[in-house]
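Please look over the sequence and the model, then read the points below by topic.

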Amino acid sequence: GYMYVLWFIGFIKNIFHISGTPEVILIKLPAICADMLSAILIYNYLGRKNVKNAPLFAAIYIINPAVILNSSLWGQVDSIMTLFVLITVMLLTEKRLCLSYLFFAIAVFIKPQAFIISPILIYASIEAVIKKISVSNLGRIIGAAFGAFLFVLCLALPFGIKEVFQQYTGTLASYPYASVNAFNLWAAIGLNWAEMTPLMSIAGTVILVLITISAFYILFSVKNQAKYFFAAAFLFFGTFMLGMKMHERYAYPAMIFMLVCFALSRDKRHSAIYALISASQFFNVAYILFVYESNPSEYYRSAAVIAASL
């Protein structure tokens with residue numbers, strides 16, 4: 001999905017013959033804009049929920065060092081996917097299920113990691129069906145999901161459906177390692193870049209199932225809207241910490257979901273979790289950018305142990 005953005009960047013670059021530093025800024029601009037739009041969404045959403053200090057929470061996100069490091073400095077595009085999954089969850093809290101399917105499909109089209117929040121969509125769909133049990137309501141939900149799928153299918157047509165499918169399966173099958181520079185449990189026990197064994201694959205699958213079950217427990221047991229954001233943060237960070245094949249940036253969306261969760265709940269424990277996730281992401285990415293390549297093995301395990309203990 002991000003290929004469309006890159007095409008537009010290339011179009012602008014060729015028209016204005018941009019090169020050097022301006023070209024680097026142009027390439028990073030979509031990710032930076034996505035972070036800014038996410039902050040605006042936080043402000044707008046919290047304002048509609050009558051949350052005090054909504055501008056402050058938006059500012060806290062946009063000046064988060066981990067956010068700046070990932071998008072503005074490195075130029076990664078995790079913020080693009082994060083923007084769309086944030087919209088998805090916000091729509092779910094407002095019972096706009098059909099529209100949420102569309103934004104979720106776009107998020108998945110940009111990065112397969114968006115599938116991590118699929119339990120929240122499943123829960124919201126079940127809740128909507130139970131609340132109004134009827135053939136027409138069920139048909140509307142199924143139709144919206146199918147429509148979102150067709151929309152993304154149309155977006156994929158210029159690349160070829162077969163090629164897109166191969167790209168996705170290739171992405172999911174690539175990096176068959178326990179941890180790929182992620183400061184998580186597996187790196188903490190010395191398995192960074194360790195090739196996965198069949199037993200490790202089984203363990204990884206079991207862990208993902210347990211994380212999903214735990215997320216459903218949160219969603220079904222808690223009765224306030226903050227649960228959607230807490231569950232999303234839990235899914236992203238839980239998968240990052242315990243899942244296999246995790247890269248250093250895969251917990252990025254957990255930060256924004258935990259921040260919104262704290263804004264809605266005002267539970268000080270949530271603010272502490274937000275701070276710790278942000279610190280973990282910052283030091284993980286900073287280590288990979290500034291230390292790892294020059295010294296790939298020394299201190300890595302100890303750094304991962306510290307981050308995992310946080």
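A crossing of two helices is left-handed if the near helix is turned anticlockwise from the far one by less than a right angle, and right-handed if clockwise. By that rule, helix H7 passes helix H8 in a right-handed crossing. The structure is a predicted model, in which local features need pLDDT of at least 70 and side-chain atom pairs count only at pLDDT 80 or more, while totals for chains, interfaces and linings use all residues. Residues are numbered from 1 along each chain as its sequence is written, and side-chain values use heavy atoms, with hydrogens and water left out. Helices (H or I, at least four residues) and strands (E, at least two) are DSSP runs, numbered from the N terminus.

**Helices H7 and H8**

- H7 covers residues 118-131, and its axis lies 9 Å from that of H8, at an angle of about 160°. Such axes are lines fitted to C-alpha atoms, for helices over the stretch in contact, and angles run from 0 to 180 degrees between N-to-C directions.
- H7 is therefore roughly antiparallel to H8. Angles under 35 degrees count as roughly parallel, over 145 as roughly antiparallel, 65 to 115 as roughly perpendicular and the rest as oblique.
- On the H7 side, Ser-125, Ala-128 and Val-129 meet Asn-137, Leu-138 and Ile-141 of H8. Contact here means heavy atoms within 4.5 Å.
- The residues of this contact of H7 with H8 comprise four nonpolar, two polar and no charged. In this classing, Ala, Val, Leu, Ile, Met, Phe, Trp, Tyr, Cys and Pro count as nonpolar, Asp, Glu, Lys and Arg as charged, and the others, Gly among them, as polar.

**Helices H6 and H8**

- Helix H6 (residues 97-110) and helix H8 (residues 135-156) have axes that come within 9 Å and cross at roughly 30°.
- H6 and H8 are therefore roughly parallel to each other, and their crossing is right-handed.
- H6 contributes Leu-97, Cys-98, Tyr-101, Leu-102, Ala-105, Ile-106 and Phe-109 to the contact, and H8 contributes Arg-140, Ile-141, Ala-144, Ala-145, Ala-148, Phe-151, Val-152, Leu-155 and Ala-156.
- By class, the contact of H6 with H8 has 15 nonpolar residues, no polar ones and one charged.

**Helices H7 and H11**

- The axes of H7 and helix H11 (residues 198-221) are 10 Å apart, and the two helices pack at an angle of about 40°.
- This angle makes H7 oblique to H11; the crossing of H7 and H11 is right-handed.
- In H7, Pro-119, Ile-120, Ile-122 and Tyr-123 meet Thr-212, Phe-216, Leu-219 and Phe-220 in H11.
- The contact of H7 with H11 is made of seven nonpolar residues, one polar and no charged.

**The buried face of helix H3**

- Helix H3 (residues 54-62) has Ala-54, Phe-57, Ala-58 and Tyr-61 as its buried residues. Buried means under 20% relative accessible area, exposed over 50%, partly exposed in between (1.4 Å probe, protein chains only).
- Seen down the axis of H3, the buried residues fall within an arc of 100°, so they line one face of the helix. The arc is that of the directions from the helix axis to the C-beta atoms.
- These buried residues of H3 pack against helix H2 (21-48), helix H4 (65-74), helix H5 (78-93), helix H13 (252-265) and helix H14 (268-292).

**Loop residues with positive phi**

- His-17 sits in the loop between helix H1 (2-16) and H2. His-17 has a positive phi of about 55° although it is not a glycine, and at 67% relative accessibility it counts as exposed.
- Arg-266 is placed in the loop between H13 and H14. Its phi is also positive, about 60°, although Arg-266 is not a glycine, and at 39% relative accessibility Arg-266 counts as partly exposed.

- Phe-237 lies in helix H12 (residues 226-242). Leaving aside its neighbours within four places in sequence, Phe-237 is in contact with Ala-251, Ala-254, Ile-277 and Ser-280.
- Phe-237 and Pro-253 are 16 residues apart in sequence, with their C-alpha atoms 8.4 Å apart in space.
- Gly-143 belongs to helix H8 and counts as partly exposed at 39% relative accessibility.
- Ala-279 belongs to helix H14 and counts as partly exposed at 23% relative accessibility.
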